[in-house]
Amino acid sequence: MRSEKTYLVNQISAGLTGSDYVYFVSFQGLKVKDFSGLRDQLANVNANCHVFKNSLIRKAVEINNVEALKDLAITGDVAMVYGSGDPGAVAKVLVDFGKSNEVVQAKGGMFEGALLSAAEIADIAALPSKDVLQAQLLGLLQAPARNLVSILNNKAASILNVLNAYKDKLEK
């Protein structure tokens, strides 16, 4: 293999093995200006977007023995989107961009060693952000303590109301 191809396969391998997620997106017919806009949006959520030859992607998958991607059909014009961090934010950018530019569609990907279909990527995009999920979990964890304090407070308040009513009755 020529040195240029070896370099590219090593770069793809680093993206496949060193990333939390990898998405493959078709972009056939997309204008360069629009593709640059997609890259900018992906950069805002700390994701990388590169176009590689499909044969080089398959070679990197084979070399790194990435079982999840061996069955993925990578054909046509495909961009590889990868990075670390919140995969939901990246999936949301891809799905939202695909709504305004119909030629951009997720083909599949990999997350935590599992193969993702295009529908699963759309499902990931529909999930709330990581911060929202953490806030919901914190609310669930705090709910029992909050409810206990509320119940204890209500009992003390009802006793106080009875005493106040008795005091008012004696004053009349």
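Predicted model: local features only at pLDDT ≥ 70, side-chain atom pairs only at ≥ 80, totals over all residues.

Colleague: In what order do the five strands stand in the open sheet?
Modeller: The pairing is antiparallel, and the twist from one strand to the next averages 20°. β2 (47-51) and β5 (114-116) each have a single partner strand and stand at the edges, so one side of each is left without a neighbour in the sheet. Read across, the order is β2-β3-β1-β4-β5.

Colleague: How many bridges join β1 to β3, and which residue in β3 is the bridge partner of Ser 26?
Modeller: Strand β1 covers residues 21-26 and strand β3 covers residues 78-83, and the two pair in the antiparallel sense over six bridges. Within β3, Val 81 stands opposite Tyr 23, while the bridge partner of Ser 26 is Val 78.

Colleague: Which residue in β4 stands opposite Val 25?
Modeller: β1 and β4 run antiparallel and are joined by six bridges. In β4, the residue opposite Val 25 is Ala 106.

Colleague: Which strands does helix α4 lie across, and at what angle does it run to β1?
Modeller: Helix α2 (residues 32-44) lies across β2 and β3 and runs at about 150° to β2. Helix α4 (residues 87-100) lies across β1, β2, β3 and β4 (105-111), and its angle to β1 is about 5°.

Colleague: Which element gives the largest share of the largest nonpolar core?
Modeller: That core has 22 residues, and those with the most contacts inside it are Tyr 23, Phe 35, Leu 38, Leu 42, Val 81, Val 90 and Leu 94. The elements that give two or more residues to it are β1, α2, β2, β3, α4 and α5 (118-126). The largest share, five residues, comes from α4.

Colleague: With which residues is Leu 94 in contact, leaving aside its neighbours within four places in sequence?
Modeller: Leu 94 belongs to the residues with the most contacts inside the largest core. Once those sequence neighbours are left aside, its contacts are Tyr 23, Val 25, Leu 38, Leu 42 and Val 81.

Colleague: Is α4 roughly parallel or roughly perpendicular to α5?
Modeller: The two helices pack with their axes 7 Å apart, at an angle of about 110°. Angles from 65 to 115 degrees count as roughly perpendicular, so α4 is to α5 roughly perpendicular.

Colleague: Which residues in α5 do the residues of α4 meet?
Modeller: The crossing of α4 and α5 is left-handed. From α4, Pro 87, Gly 88, Ala 91, Lys 92 and Val 95 take part, and in α5 they meet Ile 121, Ala 122, Ile 124 and Ala 125.

Colleague: Is Ala 106 buried or partly exposed?
Modeller: Ala 106 has its place in strand β4, and, leaving aside its neighbours within four places in sequence, Ala 106 is in contact with Phe 24, Val 25, Ala 118 and Ile 121. Its relative accessible area is 25%, and buried would need a value under 20%, so Ala 106 is partly exposed.

How values were computed: Residues numbered from 1 in each chain as written. Heavy atoms only, no water. Pairing = 2+ DSSP bridges. Helix = DSSP H or I, 4+ residues; strand = E, 2+ residues; numbered from the N terminus. Axes fitted to C-alpha atoms, helices over the stretch in contact; angles between N-to-C directions. Contact = heavy atoms within 4.5 Å. Core = buried A, V, L, I, M, F, W, Y, C linked by side-chain atoms within 4.5 Å. Buried < 20%, exposed > 50% of the residue type's maximum accessible area, 1.4 Å probe, protein only. Parallel < 35°, antiparallel > 145°, perpendicular 65-115°, else oblique. Left-handed = near helix turned anticlockwise from the far one by under 90°.
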